[in-house]
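Hi,

Here is the structure I promised to pass along.

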Amino acid sequence: MTSTSVDREPPTPEPAGGADPEAAEPVLSGAVAPEPPAPEPASREPVIRELGTLAHRLRLHHPPETPCTCRPPQLLADRPDGTVVRSGPVVAKAHAAGIDRDALAARLALASAPALAGILLAPLTTPGTPDTAGAVSRPVTFWPYGTPVDPRDPDAAPWADAAVLLARLHRTVSPLPLPAPPMRGPVKAARAVARMAAALPGDAAVLPVQAAWHALPAWARGEAAPPAARSGFLCHGDLHLGQLVRHPAPDGPWLLIDVDDAGLGDPAWDLARPAAWYAAGVLAPEDWLLFLDAYRSAGGPAVPAEGDPWPQLDVPARALTVQTAAVALAKCAAEGREPDEMEQLMIDSCARIATFPPESAAGSAS
């Protein structure tokens, strides 16, 4: 799978529309990295229109000479790390302009590898490079559309399916001829904390979150490699239920999507978001146990097959707690509001984490 590029005027992208995984990190969602202020809608139109055209080229639902009756392209997300447009069964994604293209190519190769079939959604081929000279270039990849998790039906959330997919991913040896890139989860957490600090300079509300952040070991802050014994596993890097789709749509098997953060790292990171939600009282105990039991039953290596999983999960779960709280505070600042109940639970969890000595967090990393 190769990628093409779509160009646009110098970007100041807006957060995603109907699929913003950063909006207070609900239980059926997740978090992404900082972004600039939102632009006027007109500034987004060229890239959205171009992505729709590119996705439409791959549909092949009618001969070229036949008048087109296809529905207009649908904007699924518009963030700096990904503008996503759907045209029928095809989804086009424009990645961040500054993305590491070699690492992206390696991650696309992972998603295309037969060894990851049935775990990761595989990309489609590309239609070529559009002529859009004079603007900022962004690499574009193409994917089959899959049916996402319905956030309106939390009782149907596929926790067990997600856990089994993670266990299979973590057990797979990288099929790439060269080392896979590192998993980017800790780096994204660090960017969320930086975004919070920029949004609320000098505000006392950030102090417990920052204290909890600094109590973590360096590897969990993206400042060092994880412990060697736990750094060589294939990981998704940004697991939340928004990263699963049924393919073929509408009722095919669940697959993991969005490999932008995938790579080698500590597999406990992929369990950390639901673990953090459970510890904060956001995720129901029965859902957490369903997820954990399914992961263990599938042979996942992130935690022991029996016994207490928290020695392995503690540090990543703390890091995801901080990330979630940091994103929440930044969003509240941007929207001029107070944290809602779920956001406050995560912020309060940071206050508790901040009371633990730094050596406690560091000691649980191995």
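To start with the helices: are α6 and α7 roughly parallel or roughly antiparallel to each other? Bear in mind that this is a predicted model. The axes of α6 (residues 268–280) and α7 (residues 285–297) cross at roughly 155° and come within 9 Å. Angles over 145 degrees count as roughly antiparallel, so α6 and α7 are roughly antiparallel to each other. The contact involves D270, L271, P274, A275 and Y278 on the α6 side, and P285, W288, F291 and Y295 on the α7 side. As for handedness, the crossing of α6 past α7 is left-handed.

Next, the strands around β3. Strand β3 covers residues 82–87, and five of its six residues are buried, so the rest of the structure largely encloses it. β3 pairs with β2 (residues 74–79) through five bridges, and the two run antiparallel. One of the pairs to look up there is Q74, whose bridge partner in β3 is R86. β3 is also joined to β4 (residues 90–94), again antiparallel and by five bridges. In that pairing, V84 has K93 of β4 as its bridge partner. The β3 and β4 hairpin has two residues between the strands, and G88 takes a positive phi near 60° there.

There is also an open sheet of three strands, in the order β6-β8-β9, with antiparallel pairing. Its edges are β6 (147–148) and β9 (254–256); each has a single partner strand, so one side of each is left without a neighbour in the sheet. Two bridges link β6 to β8 (residues 244–246), and these strands run antiparallel. If you want a residue pair to click on, T147 has R246 of β8 as its bridge partner. Helix α3 (residues 159–171) lies across β8 and β9, and runs at about 50° to β9.

Finally, confidence. The average pLDDT of the chain is 83, and 80% of the residues score at least 70.

Cheers

Technical notes. Residues numbered from 1 in each chain as written. Predicted model: local features only at pLDDT ≥ 70, side-chain atom pairs only at ≥ 80, totals over all residues. Heavy atoms only, no water. Buried < 20%, exposed > 50% of the residue type's maximum accessible area, 1.4 Å probe, protein only. Helix = DSSP H or I, 4+ residues; strand = E, 2+ residues; numbered from the N terminus. Pairing = 2+ DSSP bridges. pLDDT = per-residue confidence, 0-100. Axes fitted to C-alpha atoms, helices over the stretch in contact; angles between N-to-C directions. Parallel < 35°, antiparallel > 145°, perpendicular 65-115°, else oblique. Left-handed = near helix turned anticlockwise from the far one by under 90°. Contact = heavy atoms within 4.5 Å.
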